[in-house]
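Trainee: Could you show me how to read a few features of a structure? I would like the general idea and then the case at hand.

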Amino acid sequence: MASRDDGFARQPVPIAFLVIVRKGPTWSTTDLEPLCRLLSKRFTGEIWAFGSYDADIRVERFRVRVVNDERSSSHIGRLALTTRQMLRWAGELRAARVSDLVVIALEPFNGGLLGLYVARRSRGSFICEVNGVYADRNNFASGVIPVWLRVAARRVLGAFVLSRATAVRLLFGEQLKSFVRLPPHVLTRQFFDFTPIERFNAGVEEKMILGVGFPFRVKGFDTLCRAFLAIANQHADWKLVLIGHLVPEELLAAGLEHPQIEAHPGVKQPELAEWMSRCGIFALPSRTEAMGRVLIEAGAAAKCRVASRVGGIPTVIEDGVDGLLVEKENVDELSATLARLMQDAPLRRRLGDAARVRAGREFSGNAYLEHYAEFVSSALARKRL
């Protein structure tokens with residue numbers, strides 16, 4: 001881990017002190033190192049995370065503090081444990097009287113409520129990011145509580161938090177449609193989520209279709225399996241590989257096992273990058289998706305991408321130029337698209353090369369930092385009015 005050194009004296013004066021409240025990292029604090037190093041160019045601050053372990057480290061100008069919420073087996077217990085710890089950190093922050101403080105939550109629910117409270121108590125600006133399509137019923141599995149009631153509860157909580165934010169970051173323009181209407185005083189910006197694209201590179205192509213994500217049905221993996229099975233006998237040298245939390249169990253439960261289909265649990269990012277470098281086609285036929293960061297990662301690895309035309313996916317794939325789009329849940333269209341790509345290596349290379357060029361041009365760390373710096377600066381200016 002890198003720590004402070006004399007090089008910081010040559011860097012620009014920090015724009016603000018950021019406190020980023022987030023879920024995770026699930027695997028390791030090293031997952032956050034690229035973000036910390038990038039933000040250290042323009043900011044100082046802390047990341048407060050709740051995940052599967054305890055940690056307190058420094059990465060350049062950022063301190064990363066993680067509380068292990070898995071010490072409790074219940075949702076309420078985890079929430080209480082996390083809240084108590086973060087309120088202690090908030091007390092330290094308030095006592096330090098940090099100037100130009102900006103508290104950022106990555107969602108408007110548990111983290112959003114906590115971030116709003118910390119910002120109010122510390123007299124800082126509050127920014128809330130919107131990283132999901134929260135009104136889409138495809139986000140919810142059937143259960144004891146009706147879906148409509150869960151969506152309604154999210155609307156109430158989302159409206160409470162987002163309407164009190166200084167600024168809100170969206171991934172695409174219609175993201176809050178049918179969810180909440182922001183009041184005029186809330187500043188909004190629209191730009192992509194940070195993706196460490198330098199970790200993803202092209203490797204030797206294998207005849208493999210790769211799907212990565214969770215939950216199984218939300219990512220459309222049932223649709224992907226059925227589309228692949230329709231053509232698997234004609235392409236016996238190809239296989240479908242699915243990776244994600246509970247994916248092997250969900251595949252079995254759906255009755256979609258096949259000799260040409262592999263399922264693996266979630267993996268750490270270095271291993272994911274290895275899988276990505278080897279695949280011939282990357283597929284994400286989601287039923288709902290705010291952006292699909294894995295699509296940027298696949299583009300950086302020069303892979304041709306197939307995804308559903310939903311949510312923010314069209315902001316990262318231009319159909320026919322750097323990937324192909326299909327209608328969600330359309331097994332026949334997805335099957336035909338996969339077969340077309342499997343039979344046409346030059347098309348795969350053309351789409352993959354275009355995706356790699358676009359990833360470097362539009363979705364680089366420097367591009368993200370420029371968007372982020374302008375956004376935070378504008379939020380501070382709005383707070384001072």
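Trainee: How many of the 9 residues of helix H5 (residues 221-229) are buried?

Mentor: A word on the source: this is a predicted model, in which local features need pLDDT of at least 70 and side-chain atom pairs count only at pLDDT 80 or more, while totals for chains, interfaces and linings use all residues. Residues are numbered from 1 along each chain as its sequence is written, and side-chain values use heavy atoms, with hydrogens and water left out. Helices (H or I, at least four residues) and strands (E, at least two) are DSSP runs, numbered from the N terminus. Buried means under 20% relative accessible area, exposed over 50%, and partly exposed in between (1.4 Å probe, protein chains only). In H5, 7 of the 9 residues are buried, so the helix is largely enclosed by the rest of the structure. Those buried residues are Phe-221, Asp-222, Thr-223, Leu-224, Cys-225, Ala-227 and Phe-228.

Trainee: What covers the buried residues of H5?

Mentor: Contact means heavy atoms within 4.5 Å. The cover includes strands S9 (208-212), S10 (239-243), S11 (261-264) and S12 (281-284), together with helices H6 (247-253) and H9 (331-342).

Trainee: And at what angle do helix H8 and helix H10 pack?

Mentor: Axes are lines fitted to C-alpha atoms, for helices over the stretch in contact, and angles run from 0 to 180 degrees between N-to-C directions. H8 (residues 293-300) and H10 (residues 345-362) pack at about 110 degrees, their axes being 7 Å apart. That makes H8 roughly perpendicular to H10; angles under 35 degrees count as roughly parallel, over 145 as roughly antiparallel, 65 to 115 as roughly perpendicular and the rest as oblique. On the H8 side, Ile-296, Gly-299 and Ala-300 meet Gly-352, Ala-355, Arg-356 and Ala-359 of H10. An α-helix has 3.6 residues a turn, so residues three or four places apart point the same way.

Trainee: How much space lies in the second largest pocket?

Mentor: On a 1 Å grid over the protein atoms alone, a pocket is an open set of points with protein on both sides within 12 Å along at least five of seven lines, and lining residues have an atom within 4 Å of a point. Grid points are joined across faces, edges and corners, and a volume is the space filled by probe spheres set on the points. Here the second largest pocket holds about 290 Å³. It has 15 lining residues, and the closest to its centre are Arg-97, Val-98, Ser-122, Arg-123 and Gly-124. H2 (75-96), H3 (110-122) and H11 (365-384) each supply at least two residues of the lining, and H11 gives the largest share, 3 residues.

Trainee: Is Thr-82 buried or exposed?

Mentor: Thr-82, which lies in helix H2, has 5% relative accessibility and counts as buried. Not counting residues up to four places away in sequence, Thr-82 touches Phe-50, Val-67 and Asp-69.

Key:
1 Å grid on protein atoms, 1.4 Å probe; cavity = no way out; pocket = protein on both sides within 12 Å on 5 of 7 lines; lining within 4 Å.
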